[in-house]
Amino acid sequence: MSTLTDPPKEQFRLSMLLYDTRYRSATIQVIAMFGFMLLAAWLINNTIINLNTLGKPVAFKFLGETAGYDINQRLLDYNNQDSHLRAAFLGLLNTLVIAFLGCIAATVIGVLVGVLRLSSNWLVARLMTIYVEMFRNVPVLLWIVLIFAIVTEATPHPKVYRGVETGAMVVTNRGTYIPEPLFSRSLGDIHLFGSSPLRFDVSLDLIAILVVLGLSIFASIKMRQRADHIQETTGDRPKTWHMRTAVIVLPILVLLIALGFHLGYPELKGFNFQGGTHLRNSLIALWLALSLYTAAFIAEIVRAGILAISKGQTEAASALGLRPNRTMSLVILPQALRVIIPPLISNYLNLTKNSSLAIAVGYMDITGTLGGITMNQTGRELECVLMLMLVYLGISLTISAIMNWYNEAVKLKER
Amino acid sequence: MSDIGFVRTEMLPEKDPPASEVGVIGWVRHNLFSSWLNAILTVLSIGAIYYVLSGVLPWIFQSVWNADSLSECREIMKGTWESTHGHACWGVIRERWLQLLFGFYPNHLYWRPILALVLLLAALSPILFSDKVSSKMLILTTAYPFIMPFLMWGGTIWGPVCAALGFVIGFLIIKHAAAAIGELWAMIAGVVAALIWWFILAGPVAGALSSVLPIGIEAVQSRQFGGFMLAIMLGVVAIGVSLPIGIVLALGRQSDLIIVKYICVGFIEFIRGVPLITLLFVASLLLNIFLPPGTNFDIILRVMIMMTLFSAAYMAEVIRGGLAALPRGQYEGADSLGLNYWQAQRLIIMPQALKISIPGIVSTFIGIFKDTTLVSIIGLFDVIGLASAIRADTAWNGIYWELFAFIAVLFFVVCFSMSRYSMYLERKLKTDHR
Amino acid sequence: MKKSVILGAMTFAGLAAGAASAGTLDDVKARGKLNCGVTTGLVGFAAPNANGEWEGFDVAVCRAVAAAVLGDSNAVEFVPTTGKTRFTALASGEIDMLARNTTWTFSRDVDLKFEFVGVNYYDGQGFMVPKELGVSSAKELDGATVCIQTGTTTELNLADFFRSNNISYEPVPIETNAEAQQQYLAGACDVYTTDASGLAATRATFDDPSGHVILPEIISKEPLGPLVRHGDHEWGDVVRWSLNALVAAEELGITSANLGEMAAGTENPEINRLLGTEGTLGEMLGLSADWAKNAIAAQGNYGEIFAKNIGEDTPVGLARGLNAQWTEGGLLYAPPFR
């Protein structure tokens, strides 16, 4: 902190390493570096000696061995003859799925609750306070276990649907079945990575749909820009909404018909429903628990963000004749967002990390596969735990990078 | 009678506001049914409240307390209500509540953890309620880190005393040798002397003292810690020990020294980037591998170490927030007084930064405290672990909701009061600063 | 500075804890306590009671070994372990022996470097279904939802069984037995699978046990037994023969009731050798002459332990079945004490 005017040139003495601020920082850094390396060397040395004694040198060969267990909720094809690496990869995808779904649901619920806590309705505001306090002050592990049990108890057994005409969506105590998109004239799949453990089938239909949708949206934006341009030059705004809707809807409709798109509905066969997309109860319960838990925190952040906006803003908005809900969406929330986003990022990170508690409900995320059954069966604790940590570290750093980038984008530009 | 002009000469008495605007009805109109949307929300809320309470209240209150096993509970339920559904069996809580609170801590020594908790509150009071409690209590605060282990683990009193002596020796050397050999060397000498004391002399001296003057209380192994007490223990130890580490890390992160800075940033981001459960896996599976061959200390100590490292990273971020919230003028003021780095930190920066960080520290504590439930996954008997163990007793196998409800209430009461305190503190600090 | 203090303290604690030497037997004797790894709770096999004392079938083995080595069946520290931590705890020396319903498998014995000293319970994986399902064989379970407790060999056996029978199933992995019970009772799965002993114990706790049946198929062999670290043969022998002593005691008719009178000397030379009135078996093991007497005095012979913890008169209600003496058609066969 303190800067001194450098004394005139003098002979370098050893004591200057300590007493001269120019050199002292270098000395400290060298010592710190040395200490750090010493510590690292000590740990690694111990590890090597211990592993040799145990006869378990670090090796990742076990990843190629047959896993032997099944994973019920999965995005890609897998059977129990696949390798441990494949199982870990599916677990990773499951972690990403729950983190993604959880973050979205938590944000929606959190914003809703945060706004409702400030509602003029006394009862609703109190109820929301109770919700927030209940979830914030009880461990998330307990909530996960409890919500899993509640979801199971509250939903009907599949057998009650026997002989009953079921709709497109079926809720049972084994999970929820939603219609799955099917294509009778499918374009097929691209098989990425061949037959390696990381193989990844990408449906060409999906790519086609995404490409067409992207082009349509691009065209629609171009149209709006042209309309803006015309409005700026002539003052008249051409009506474009019907054209823009058509541009978005028609191509995708044509494509879907061409692909023979239809929905596959679940049907009760034998013990369970078959067909449709099956969201297991473990996924639903974990999703619900994590998003309700995190939403309680997000609600507080949102509330604090809204309260941080000065009352003058609201008053100015009403003076302009904006209705309360327009005030909220046009004046308050955009400003509050800047206060809200940084703590929101850390809540997203927390949710992702908390998803590692999936083992409590048997949702096979990466902790359940690589850090669970694989570790139990192979006895490779060091390798599994290290891989597990690296994976989570990677996910966390990615999320914070993305969210920080977004934060930069919405931040008030100060000049 | 031609004069039809009318001039009021006296005021009419004030009318009461319409009945629909005051009293209960007015309140209800304003707060519950002010618009159609609000009316719908109110009705929905009442419906939801009724639905939940109608299920939960009978379960809680139409329940069995006097039973020694689940089957006995069921018999009583069948006898009283002709059904075993929708009734709680609190007999398990009646029989096991002490175990859920204290784990396997010996029954006749329950006063020790209770005393430790009371002393903890007393030791914290001068910090938490600085305006109401005399600062003389700070002596207790300083002594608490040595009293607590003595009370919890017991054994000879000379162990904690000798550990504390190390600090005293170091402090005395730094204070008195400064004049003779300069501050820097005094600091180094103090630290070296303290280390020599701890690693070489303290053990034999404590041994000798305890053989001469065997003052001590019954020793309790950390394996016997459990239940809710374990959660509090883990939380307090993790936060207490991580506070100094967190300060060092936060200062390191803000430092101009590149290498020191990156070591600190790397540590903090690594710990914050991985879930606690992976760190607990390290504690239960790997820590022994990282330490010298033959090292073997019990799982609760290992978990304490990992929880401390975990909370240190979060603590560092909280304190960094406190440091960042200090106006730049404080640093400049310290510089202009000619204070060196450590003096400035000790006298100007840290006292203020720590004070603003207290709400953050409290919420970190709440977080850590709730996270201690994760230790049940690696087989420690905290409340959740004990609940599973109780279910493994033949008498109580099959009991489910009652134990979870009890645990949830326990956590709720403690965490809720702490979060209320932290809010109170935040409000107080806000007025201080504006 | 703080960091170095902590690291220093860690090394210090490490030194104080002392290096685990080669001889576990000497360590245990020096310590005066046996560190025995058990489960975190399994009905009938190991669970703490209201006073915090451990009880159960596996616990009894620990107590017998402690009694044989130290002469005191209470000189045991029970270390609860999970499916994940059990092997690490044993390998690192945190526990001296593991008595945690662990299946004796080739890879655990050979690859993980442990030594199974015997079998104290012959188990096998079975299925339980609600009676109303009308299923009489596991082969009719095509497409069923199966609750499994994770972290054991259970899920591997299950996958193998369904694959070899070419039928499909939907696994619902569950972390704890309590949760699995709750899920099964709520109907979230059609079938619950775990070791047959666990199924019986679980069924016994149901409101209506008769509404559920255990299917006849046993799809795996699960010899559960205590294990020790590989390479420490003296210690392995102590645990092995303590277990054998319990089994032999039942075969020879030694019970906790008549132990005192038997120990005074009998006509049967094997009983005399076992109880130390004849020969030097205790000395060969490095124990006192009355080691087996102490082991049996701890909780009784094998049959008594079985009857007390998991037998037909307990809520768990297991029949002896495979776990009867060889003379009664079971698999228990203690090698001769001579």
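## A bridge in the chain C sheet

In strand β11 of chain C, C:T194 is the bridge partner of C:G126. Strands here are DSSP runs of E of at least two residues, helices are runs of H or I of at least four, and both are numbered from the N terminus. Strand β8 (residues 125-130) and strand β11 (residues 191-195) of chain C run antiparallel and are joined by four bridges. Two strands count as paired if DSSP finds at least two bridges between them.

This is a predicted model: local features need pLDDT of at least 70, side-chain atom pairs count only at pLDDT 80 or more, and totals for chains, interfaces and linings use all residues. Residues are numbered from 1 along each chain as its sequence is written, while chains are lettered from A and ligands numbered from 1 in the order in which they are written.

The order β10-β9-β11-β8-β12 makes an open sheet of five strands in chain C, with mixed pairing. Its edge strands are β10 and β12 (212-214) of chain C, and each pairs on one side only. On average, neighbouring strands of this sheet are turned by 25 degrees against each other, direction ignored.

Helix α6 of chain C lies across β8, β9, β10 and β11 of chain C. α6(C) runs at about 155 degrees to β9(C). Helix α8 (residues 196-204) of chain C also packs on the sheet, touching β8, β11 and β12 of chain C. The direction of α8(C) makes about 125 degrees with that of β11(C). Axes are lines fitted to C-alpha atoms, for helices over the stretch in contact, and angles run from 0 to 180 degrees between N-to-C directions.

## Domains

Chain C is divided into domain 1 (2-122 + 224-328) and domain 2 (125-220). The bounds come from an automatic or database domain assignment. Taken over C-alpha atoms, the centres of domain 1 of chain C and domain 2 of chain C are separated by 31 Å. Their contact takes twelve residues from domain 1 of chain C and seven residues from domain 2 of chain C. Two residues are in contact if their C-beta atoms, placed from the backbone, lie within 7 Å.

Chain A is divided into domain 1 (16-53), domain 2 (63-179 + 280-410) and domain 3 (180-264). The C-alpha centres of domain 1 of chain A and domain 3 of chain A are 57 Å apart.

## Interfaces

Chain C puts 30 residues in contact with 28 residues of chain A. Elements giving two or more residues to the chain C side are α4 (85-91), β9 (144-149), α6 (154-164), β10 (169-174) and α7 (177-185) of chain C. β10(C) gives the most, with five residues. This side divides into twelve nonpolar, nine polar and nine charged residues. Ala, Val, Leu, Ile, Met, Phe, Trp, Tyr, Cys and Pro count as nonpolar, Asp, Glu, Lys and Arg as charged, and the others, Gly among them, as polar.

Between chain A and chain B, 45 residues of chain A are in contact with 46 residues of chain B. On the chain A side, the elements giving two or more residues are α2 (21-54), α4 (122-136), α5 (140-154), α11 (366-378) and α12 (381-410) of chain A. α2(A) gives the largest share, 13 residues. The side of chain A that touches chain B has 27 nonpolar, 14 polar and four charged residues.

## Cores and a covered strand

The largest nonpolar core has 275 residues, of which A:I144, A:L286, B:L280, C:C62 and C:V65 touch the most other members. Such a core is a set of buried Ala, Val, Leu, Ile, Met, Phe, Trp, Tyr and Cys residues joined through C-beta atoms within 7 Å. A residue is buried if 20 or more other C-beta atoms lie within 10 Å of its own, exposed if 12 or fewer, and partly exposed in between, with C-beta atoms placed from the backbone. Helix α8 (residues 281-308) of chain A gives the largest share of this core, 18 residues. Not counting residues up to four places away in sequence, A:I144 touches A:L286, A:A289, A:L357, A:A360 and A:V361.

Strand β4 (residues 76-81) of chain C is mostly covered, with five of its six residues buried. β4(C) pairs with strand β1 (residues 34-39) of chain C in the parallel sense over six bridges. C:P80 in β4(C) stands opposite C:V38.

## Positive phi

B:E82 is not a glycine, yet has a positive phi of about 65 degrees. B:E82 is found in the loop between α3 (70-81) and α4 (91-102) of chain B. B:E82 is exposed, with 7 other C-beta atoms within 10 Å.

C:K113 is not a glycine either and has a positive phi of about 65 degrees. The loop between α5 (106-110) and β6 (114-116) of chain C holds C:K113. C:K113 is partly exposed, with 17 other C-beta atoms within 10 Å.
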